[in-house]
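Please keep the structure open beside you as you read.

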Amino acid sequence: MGLMTWNVLVLPGDGIGPEVTREAIRVLEHVAARWGHQTRLQEALLGGAAIHATGSPFPDRTRELALESDATLLGAVGLPEFDGLPPSERPEKGLLGLRKALDVYANLRPVRCYDSLIESSPLKNAIVQGTDILIVRELTGGLYFGQPRGIEGAGPDETAVNSMVYTRHEIERVGRMAFGLARQRRGRLTSVDKANVLENSQLWRGIMTQLSTEYQDVELDHMLVDNCAMQLLLRPADFDVVVTENLFGDILSDEASVLAGSIGMLPSASIGDRLPSGALRGLYEPVHGSAPDIAGRGLANPLAAIGSVAAMLKYTFGLSEESAAVERAIGEVLASGTVTADLKPAGEPASTRDVGLAVCSAVG
Ligand code: NAD
């Protein structure tokens with residue numbers, strides 16, 4: 001792979017967002033220097049910080065810069081002062097606007113149980129050992145977006161409606177992405193639905209089965225979502241790639257996060273189709289929120305943000321060597337015990353910055 005310039009938009013956001021993003025950028029710049037790539041970083045506002053400065057959680061300038069960048073790295077959004085407001089006026093609205101603007105329809109959440117963190121999971125070691133799952137959640141359809149929706153009427157007839165709507169096109173594109181990802185991993189794909197009850201899931205299951213004829217090197221199985229919720233805790237190490245619709249994916253990925261030991265460990269990547277230029281634009285962010293309870297004190301674990309940089313290198317820039325180097329460095333830093341308080345180190349906890357520096361030195 002030739003040398004590249006990485007055009008990255010950085011959105012530090014609120015709470016611990018700026019602290020963890022700083023360390024992720026430190027690692028990104030270190031990797032660029034080590035492998036001789038160039039970085040072109042721009043910074044913009046999103047969330048509560050953007051409301052304070054401009055009145056909007058997703059300012060037009062941020063939208064423009066995101067559309068011009070190859071990748072966007074986000075910290076987290078959300079501030080307690082906005083908690084009482086309706087969803088349309090909250091910082092999180094900025095995040096939904098950003099995902100929509102970038103048309104990222106697949107949310108990829110890798111969940112790994114590192115050997116050195118095995119004690120941090122509430123499950124027995126023998127169960128979580130070797131867990132390495134990639135959850136692919138459909139992000140822009142289903143119950144969260146379907147029409148009609150709303151609350152009508154009054155008294156005993158007051159009625160609330162949400163609609164689970166998927167088109168063939170929406171299912172096929174996320175299905176193809178999941179099959180392609182399974183092919184690059186251990187070749188196993190579990191499609192999760194509720195086909196015994198929902199027509200929506202019957203369409204989903206039928207399309208996944210049809211797609212499997214194009215990906216004969218991938219072994220597909222179907223699982224009902226209620227059973228999957230159980231199997232993820234009974235035998236997590238047996239899963240490779242899991243693909244599912246928006247609501248099921250939201251719930252299952254939070255459940256699976258328990259396997260990794262701390263929410264401060266979980267990266268995510270949201271991607272869509274390749275642009276006409278061939279680039280795969282992506283939005284990369286830790287799964288955790290803005291953690292106002294620990295913000296500004298150097299306590300936050302930056303490894304989810306740093307893992308999001310590894311995902312950016314892999315998916316948007318197609319640099320598997322550089323990405324693997326960051327993932328290996330994260331494993332080494334965990335094994336060395338230079339970890340923040342959420343991972344309950346034996347000795348004195350490391351600071352957010354200590355962990356970022358340790359990852360850079362482990363990259364070499
Ligand atoms: P949270 O993820 O911010 O925090 C949950 C708990 O985990 C807290 O005790 C926190 O201290 C801890 N934690 C989270 N990240 C950590 C890290 N990197 N290192 C160490 N500990 C960490 O969830 P919450 O408290 O429910 O929400 C706080 C705010 O964040 C709210 O405004 C919420 O709406 C918002 N939020 C934003 C996102 C996002 O930006 N993607 C996601 C979830 C929540």
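1. Let's begin with a pair of helices. Helix 6 (residues 168-184) and helix 7 (residues 199-212) have axes that come within 10 Å and cross at roughly 45 degrees. Helix 6 is therefore oblique to helix 7, and their crossing is right-handed. Please bear in mind that this is a predicted model.

2. Which residues bring these two helices together? From helix 6 come Arg168, Ile171, Glu172, Val174, Gly175, Arg176 and Phe179. They meet Leu203, Trp204, Ile207, Met208, Gln210, Leu211 and Ser212 of helix 7. Sorted by class, the contact of helix 6 with helix 7 has eight nonpolar, three polar and three charged residues.

3. Now step back to the domains. The domain assignment gives domain 1 as 1-110 + 261-364 and domain 2 as 122-260. Their centres, taken over C-alpha atoms, are separated by 24 Å. Domain 1 puts 17 residues into the contact and domain 2 puts in 18 residues.

4. Is Val363 buried or exposed? Its relative accessible area is 8%, so Val363 counts as buried, the cut-off being under 20%.

5. What is Val363 in contact with, leaving aside its neighbours within four places in sequence? The residues are His30, Val31, Arg34, Trp35, Ala325, Val326 and Ala329.

Conventions
Residues are numbered from 1 along each chain as its sequence is written. This is a predicted model: local features need pLDDT of at least 70, side-chain atom pairs count only at pLDDT 80 or more; totals for chains, interfaces and linings use all residues. Side-chain values use heavy atoms; hydrogens and water are left out. Buried means under 20% relative accessible area, exposed over 50%, partly exposed in between (1.4 Å probe, protein chains only). Contact means heavy atoms within 4.5 Å. Axes are lines fitted to C-alpha atoms, for helices over the stretch in contact, and angles run from 0 to 180 degrees between N-to-C directions. Helices (H or I, at least four residues) and strands (E, at least two) are DSSP runs, numbered from the N terminus. Angles under 35 degrees count as roughly parallel, over 145 as roughly antiparallel, 65 to 115 as roughly perpendicular and the rest as oblique. A crossing is left-handed if the near helix is turned anticlockwise from the far one by less than a right angle, and right-handed if clockwise. Ala, Val, Leu, Ile, Met, Phe, Trp, Tyr, Cys and Pro count as nonpolar, Asp, Glu, Lys and Arg as charged, and the others, Gly among them, as polar. Domain bounds come from an automatic or database domain assignment.
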